[in-house]
Amino acid sequence: MPAVTDFLTPPHVEPGDRVAVVAPASNAPESARFVYELGLERMREVFDLDPVAYPTATADPEWLADNPEARAEEIMKAFRDPDISAVIANIGGHDQITMLPFLDGDVLREHPTRFYGYSDNTNLALFLWNHGIVSYYGGSTLVEYAMDGEMFDYTKEYLRRALFEDSVGEWTEAEVFTDESGNWEDPESVKTTREIEHSDGRLWRGGEETVSGRIWGGCYAVLVEQFLADRYLPDPEALNGTVLALETSELIPDPAVVGANLRALGERGLLERFDGVLVGRACARSHAEENPQEWREEYRERQRDTIADILKTYNPNAPVVFNCEFGHTYPTCPIPIGGEVEIEPATKSIRFP
């Protein structure tokens, strides 16, 4: 797709505003309704939002998978509604790319609305990017809002900025994190805080010059899918001077496979187009795979080293920042996909101006 030169950030939300709650990717099963209800409660009580549940928000995941057109129509309906200030995805999924053919980019552009979602919602974020609309990678109903125990103060701070302000501003590090999965089978689980670990901070590699550019990217697995489909990617020239955001999911991909796919992008001449790279802290366990702490630390190190080595080969001048707070470990900051970011290695600072 040709480059978009006039990006716009949808108007910010005001306390008391109505926000659409939707499931454009997948959803939690009915048995986990308690997680969904907690997410809505937090929207109301912590952020003074008025969540409006659209039909997909409580739809069966199998029905959603069979009805991508209905998911797309709901997104456009929410964007068109003048009483809706933001659209919040419940969670990610694995097939949102099948929804994209049914979206009307002109409708979305005519009615810009702040969208919040992560993981499989990378598909929708990049579709919006192609039409010059900034969206926010994070802030999902079933994850950030419905975090077990209580929401992270860090998440609340940056979610408030992404909701109520024109810019997220200075992006500081979090002191702690977790990648432990929630237990969606036990209603009592949401009362207990997940295992919290001390953060070893962001790690900086690559170039040392300050860079700025618009953010493009999201979940690694979805980016691979997008490059394989090659239907919704911008023209390569449109990525010149942008900043790549990259994070891996609870699928815990082999670092060697991540490196091989990035190497392929390097050989296509794509990695050299990015002026900087932001890498989310790697998730190293899931519902299906409870890995011990020592293994998780070693896994994250292997992933960092692999990505750093690939970028050193294909784009040595780009600053690369690891352990950023977005993606599948928590707390998170909803980073603006399509928004401007400034990376300053000398002071180890990141800003969304």
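I began with the side chain of Asn-323, which makes a polar contact with the side chain of Asp-200 at 3.2 Å (a pair of N or O atoms within 3.5 Å, one able to donate a hydrogen and the other to accept it, residues adjacent in sequence counting only if both atoms are side-chain atoms). I also noted that a polar atom of the Asn-323 side chain lies 2.9 Å from the backbone oxygen of Gly-201.

The model is predicted, and I kept in mind that local features need pLDDT of at least 70 and side-chain atom pairs pLDDT 80 or more, while totals for chains, interfaces and linings use all residues. Residues are numbered from 1 along each chain as its sequence is written, and side-chain values use heavy atoms, without hydrogens and water.

I placed Asn-323 in strand S13, residues 319-324 (strands are DSSP E runs of at least two residues, helices H or I runs of at least four, numbered from the N terminus). Asn-323 counts as buried because its relative accessibility is 3%, the cut-off being under 20% with a 1.4 Å probe and protein chains only.

I then turned to helices H9 (residues 255-267) and H10 (residues 293-314), whose axes come within 9 Å and cross at roughly 15°; the axes are lines fitted to C-alpha atoms over the stretch in contact, with angles from 0 to 180 degrees between N-to-C directions. H9 and H10 are therefore roughly parallel to each other, a label for angles under 35 degrees.

Terms used:
Parallel < 35°, antiparallel > 145°, perpendicular 65-115°, else oblique. Buried < 20%, exposed > 50% of the residue type's maximum accessible area, 1.4 Å probe, protein only.
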